[in-house]
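Hi everyone, thanks for making time.

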Amino acid sequence: MSAVFEQIFQVGFLAAIIRIATPLAFATLGEMFSERAGVLNLGIEGTMLLSAMTGFTAASLSGSLWLGVLAAVLTGMLMGALHALFTVVLGLSQHVCGIGVTLFSSGLAYFLYRLIFGQQSVPPNIKGFQTLPIPVLSDIPVLGPAVFNQFALVYMAILAIPLAAFVLYRTPWGLSVRMVGENPRAADSAGVSVIATRFQAVVLGGALMGLAGAFLSMAQFNAFTFGVVSGRGWVAIALVVFGRWDPWRSAGAALLFAFVDALQLRMQASGLGHIPYEAFLMLPFIFTIVAMAVMSRNAVAPSALLKPFRREER
Amino acid sequence: MSLPAPLIEMRGITKHFGAVKANEAVDLSVAPGEILGLLGENGAGKTTLMNVLFGAYAPDAGEILIQGQKVRITSSADALAAGIGMVHQHFHLAPRLTVLENLLIGIPGKTGRIDRAGGLARLAEIGRQHGLTLDPDLPVSALSVGEQQRLEIVKALFRGARLLILDEPTAVLAPSEVDGLFSALRSMAAQGLGIIFISHKLNEVRALTHRCTVLRHGRVAGRVDDPANTTSSEMATLMCGHEIVPPARGPSTPGADVLTLDGISTSKHSGTPLRDVSLAVRTGEILGIAGVSGNGQRALAEVISGTRVPDAGQMTIAGQKVSRFSPREVQALGLGRIPEDRMTTGLVTNLPLADSMVLPRIGTTAFSSKGLLKPDAIRAFAEAQIKAYDIRCPGPMTRAGALSGGNLQKALLARELAFDPKVLIVSQPTRGLDIGAARFIHEKFLAMRAKGCGIVVIGEDLEELLVLCDRIAVMYEGRIVGTLDSADATIARLGLMMTGAEGHS
């Protein structure tokens with residue numbers, strides 16, 4: 001038991017938690033913005049996959065990682081705009097359109113990847129982001145190497161959390177987002193464009209999902225594989241509920257999930273060999289389900305979530 | 001009062017929805033400092049006219065002038081910019097956001113941030129001017145209905161409204177809250193605002209307004225220049241096109257107890273629980289339950305309808321003891337119910353009207369056999385009721401939610417009365433209904449009473465209860481504090497008992 005404890009408090013373990021949490025934090029914040037405006041985005045899984053692909057491709061072809069990130073973000077915004085076009089402008093079912101976006105963008109990702117790279121025995125890879133230690137801060141014992149010796153995208157994720165909270169709670173636009181998610185009619189009668197606000201929130205959410213995809217293919221795996229997202233988008237949807245649609249709590253939920261995920265990775269490696277590794281893989285998901293059941297029983301979703309808005313006409 | 005230039009003028013407004021002429025050449029004007037009453041039965045076109053003014057509908061013809069300038073209003077943003085504020089019947093508020101956030105929505109901030117300090121200052125200023133105070137940081141869900149309405153008014157003033165439209169503002173208020181609203185409206189008018197006050201309640205219109213415009217079938221049926229000195233029945237005649245005679249409650253001969261409650265108590269639910277409630281209703285008798293809303297009336301209605309199991313006490317219907325308190329059991333014993341909220345617990349708004357009309361008895365042999373529905377029987381039943389009760393709708397397969405409040409209430413009444421209940425429990429039977437529809441409902445109750453049905457009417461409108469009921473019990477904090485014969489009851493006495501001041505039995 002003490003051996004396990006020692007492993008937990010290793011610097012490497014803390015750093016792993018932060019790294020695992022980063023794409024989840026981006027994705028969760030992205031989904032949160034969308035849902036706060038009243039739009040469930042089930043396109044998240046496919047959006048992340050396509051963004052990971054376009055980001056990787058752009059970086060691989062141009063040699064610039066930041067160009068790759070830009071491509072991934074633009075891809076995310078585009079898929080967000082597609083989802084918003086269907087659900088916000090045309091008022092179609094958010095479930096059906098979201099699943100459609102995921103299926104479409106996953107298929108598109110595989111197709112384009114094959115088209116560009118062909119079938120290779122060794123999948124192409126790139127030299128991804130390298131850790132970027134922050135002077136002074138990275139010298140703090142334990143916390144320094146774990147938090148301040150990370151990829152640039154990790155720092156962006158850490159900054160994105162307070163920024164998201166600021167935008168949502170302190171700016172007129174954020175207030176409009178919350179209002180159109182709670183009572184679009186009230187926003188409309190106050191002269192706020194419900195359609196425009198929702199559209200913008202879903203596109204912003206898509207951009208954050210794009211960043212999540214970029215992190216996976218350009219910092220974590222440095223390659224694009226078909227399993228590069230493997231359910232992280234779906235997890236983010238659960239984490240938004242777990243985080244009660246709040247940026248801080250959602251980020252906390254992402255961190256908690258990352259902790260359990262990092263833990264199971266260590267347990268797989270720690271020689272509890274007689275247990276099949278698939279059992280460990282299940283742990284974070286079981287944790288999510290249990291945590292949701294216990295913590296989110298009285299979580300209240302934005303009142304207008306899933307409800308398309310149309311001006312009343314007889 | 002000399003006539004200043006009108007603040008707002010609507011000329012020849014016409015709006016058709018398909019074949020329905022909702023508004024036909026309507027003229028209306030409001031001067032600064034004037035409170036204009038807008039009267040009319042449901043469906044007379046009041047709401048359409050106001051939606052035209054507020055930019056929700058584009059009129060087919062006609063023009064709108066603000067201080068003599070012709071304006072085009074095509075959205076609520078235009079209306080707000082033109083200084084028109086509207087307090088809708090169903091509030092446009094986000095319950096989980098705070099008072100201040102609901103006020104600041106749509107207002108550009110300072111350097112990209114919400115201007116909290118500016119908002120607080122403006123809120124305090126409006127509070128001082130009109131006595132409309134609110135705690136800025138409370139979530140709207142923590143406010144009473146009266147406070148939410150105050151917030152809607154403040155919201156309009158916050159945006160610099162010079163004309164305020166209120167759509168049946170008193171329908172949701174307790175009598176004590178109405179006085180506060182009226183004094184705030186008078187203060188606003190005294191400072192030069194124009195106010196359009198839409199209401200069914202003629203006594204309120206007479207007390208508050210300076211002038212009235214009456215609509216009927218989409219047209220202006222008449223104008224009243226001196227509402228305070230015009231009788232309610234004169235106004236009602238203008239609204240309906242014919243005279244309205246209040247229903248006469250003849251003497252009745254009550255028989256045996258048909259519904260009894262003995263020591264009923266409840267707990268563990270939202271709202272006020274019941275504490276040791278006992279009452280009895282006899283055949284051929286109407287018992288009123290008066291009280292300020294939120295004093296246990298909802299729990300009482302739920303227990304009697306069989307949707308809430310009490311902790312203690314007994315209930316009998318037609319001499320039979322109620323054991324399980326399920327809706328099906330009380331219904332089988334002969335109870336009919338008309339719930340408080342037509343839209344949520346009354347019927348299913350997204351299903352055809354016919355389905356809602358048979359829903360409580362869907363399992364009986366009249367409407368199903370061997371687990372299969374009898375669609376023809378359901379349809380025939382609904383058609384017969386639509387005819388018998390003059391329910392205005394395109395047909396039995398119309399979506400129930402598309403009907404007006406009065407027609408929904410008729411449908412609910414038809415559904416229960418078709419099976420000759422021995423006891424009827426109704427909550428707020430005429431809330432939001434116009435005079436004609438209310439009159440119809442009252443007549444049906446009196447007819448049932450004559451046939452020997454025992455009726456319990458839970459209501460807040462004391463005048464209505466006094467007209468309708470043989471006896472009136474008053475609820476306060478979950479108890480029955482006293483019961484009066486309506487011959488001995490006055491509004492003043494009931495009002496005193498409703499505050500818990502006097503016990504009497």
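Let's start with a turn in chain B: in the hairpin of S1(B) and S2(B), which has 2 residues between the strands, B:Gly18 takes a positive phi near 60°. The two strands, S1 at residues 8-17 and S2 at residues 20-30 of chain B, pair in the antiparallel sense through 7 bridges. Strands here are DSSP runs of E with at least two residues, helices are runs of H or I with at least four, and both are numbered from the N terminus. Two strands pair if DSSP finds at least two bridges between them.

Quick housekeeping before I go on. This is a predicted model, where local features need pLDDT of at least 70 and side-chain atom pairs count only at pLDDT 80 or more, while totals for chains, interfaces and linings use all residues. Residues are numbered from 1 along each chain as its sequence is written, and chains are lettered from A and ligands numbered from 1 in the order in which they are written.

Okay, staying with chain B. It has 17 helices and 22 strands. Its radius of gyration is 24 Å, close to the 23 Å that the globule rule gives for 505 residues, so chain B is as compact as a globular protein of that length. That radius is taken over C-alpha atoms, and the rule is 2.2 Å times the number of residues to the power 0.38. Along its principal axes, the C-alpha trace of chain B spans about 70 × 50 × 50 Å.

There's also an open sheet of 4 strands in chain B, in the order S12-S11-S14-S15, with antiparallel pairing. Which strands stand at the edges? Those are S12 (277-282) and S15 (320-321) of chain B, each with a single partner strand, so one side of each has no neighbour in the sheet. S14 (residues 312-317) of chain B is joined to S15(B) by 2 bridges, and B:Ile317 has B:Gln320 in S15(B) as its bridge partner.

Now, where do the chains meet? 19 residues of chain A are in contact with 20 residues of chain B; contact means C-beta atoms, placed from the backbone, within 7 Å. On chain A's side, the elements giving two or more residues are helix H8 (172-182) and helix H9 (184-189). H8(A) gives the largest share, 6 residues. That side of chain A divides into 7 nonpolar, 5 polar and 7 charged residues. For those classes, Ala, Val, Leu, Ile, Met, Phe, Trp, Tyr, Cys and Pro count as nonpolar, Asp, Glu, Lys and Arg as charged, and the others, Gly among them, as polar.

Last stop, a helix pair in chain A. The axes of H3 (residues 44-62) and H5 (residues 94-117) of chain A come within 7 Å and cross at roughly 20°. Axes are lines fitted to C-alpha atoms, for helices over the stretch in contact, with angles from 0 to 180 degrees between N-to-C directions. H3(A) and H5(A) are therefore roughly parallel to each other. Among the residues that meet are A:Leu49, A:Leu50 and A:Met53 in H3(A), and A:Leu108, A:Leu112 and A:Ile116 in H5(A). By class, this contact has 11 nonpolar, 6 polar and 1 charged. On the cut-offs, angles under 35 degrees count as roughly parallel, over 145 as roughly antiparallel, 65 to 115 as roughly perpendicular and the rest as oblique.

That's my tour, thanks.

Technical notes
Two residues are in contact if their C-beta atoms, placed from the backbone, lie within 7 Å.
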